[in-house]
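I opened the model to look up its metal sites. My notes follow in the order in which I checked things.

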Amino acid sequence: MARELSVEMIPALTDNYIYLIHDPSDDSAAVVDPGEAAPVRAALAARGWRLTHILNTHHHGDHISGNVALSAETGALLIGPAADAHRIPGLRHGAVDGETLKLGRWTAEVIATPGHTKGHVAYYVPEAGAVFCGDTLFALGCGRLFEGTAAEMWASLVRLRALPGDTRVYCGHEYTAANAGFATTVDPDNAALAARARTVAALAAAGTPTVPSTIAAERATNPFLRADDAALQAAVGLPGADPVEVFAELRHRKDRA
Ligand code: ZN
Ligand code: FE
């Protein structure tokens with residue numbers, strides 16, 4: 001897939017990432033999960049870009065708190081999960097699973113990813129070779145189950161795992177170094193994971209972002225995508241178990257780590 005769009009990362013709050021999806025053909029931009037307005041405003045002004053759309057993956061404050069100011073200042077259309085319409089002030093389009101959103105000259109596919117919250121969605125943008133997955137899939141981790149079940153979250157992760165391997169994974173937080181530490185405890189014999197953990201540690205020590213990753217890298221190394229992998233199941237003492245049970249055990253251990 002040709003990458004006609006570029007993605008810019010804006011670090012925000014403590015460890016959030018806000019993303020700008022830029023169309024160079026007309027310098028329009030969409031923002032994903034603006035947890036605060038100021039750094040988005042500054043980035044748009046510095047580059048001379050025009051904000052046309054705001055996309056929210058879920059209703060948590062660290063993903064939506066910049067919505068109202070940015071949409072008032074720019075007229076950008078605010079889009080978020082239809083199921084969260086009652087708890088995202090100013091929402092103007094409720095996104096539903098399977099919908100293709102026409103955003104200027106490009107499109108985003110809506111993938112329902114419940115688990116972290118009931119209404120959580122991801123946005124897959126083929127023209128950017130990218131998925132914006134909020135707090136569902138993290139680099140080497142996944143979101144906590146605040147509103148959904150282990151079965152729902154596992155199904156959501158399996159859907160993201162099925163995207164093309166070279167899809168870049170733009171997640172909501174920089175949690176990778178801590179996630180790597182946990183992952184190596186539950187999947188100690190995974191050589192690809194060990195190599196990635198070394199890379200992540202070096203990046204983290206240098207203060208360099210570890211995001212984006214790719215779907216292929218997550219498939220190979222993220223324990224939460226590997227609950228149906230025989231080696232991981234054996235490593236956590238659940239050989240042959242239902243992947244939902246293995247996933248629930250992994251999530252439980254991570255919550256206590
Ligand atoms: Zn969240
Ligand atoms: Fe978050």
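I counted as donors the N, O and S atoms within 2.8 Å of the metal (3.2 Å for Na, K and Ca); water is not among the atoms, so sites may look incomplete. This is a predicted model, in which local features need pLDDT of at least 70, side-chain atom pairs count only at pLDDT 80 or more, and totals for chains, interfaces and linings use all residues. Residues are numbered from 1 along each chain as its sequence is written, chains are lettered from A and ligands numbered from 1 in the order in which they are written, and side-chain values use heavy atoms, with hydrogens and water left out.

His63 belongs to helix 2 (residues 61-64) and His173 to the loop between strand 13 (168-171) and helix 5, 110 residues apart. Helices (H or I, at least four residues) and strands (E, at least two) are DSSP runs, numbered from the N terminus. I noted both His63 and His173 as buried, that is, under 20% relative accessible area, with exposed over 50% and partly exposed in between (1.4 Å probe, protein chains only).

Zinc site. The zinc ion (ligand 1) has His58 (NE2), His60 (ND1), His116 (NE2) and Asp135 (OD) as protein donors, 2.2 to 2.3 Å away. Their sequence spacing is H-x1-H-x55-H-x18-D. I read a relative accessible area of 0% for His58 and 17% for His60.

Asp135 coordinates both ions, which I found 3.1 Å apart.
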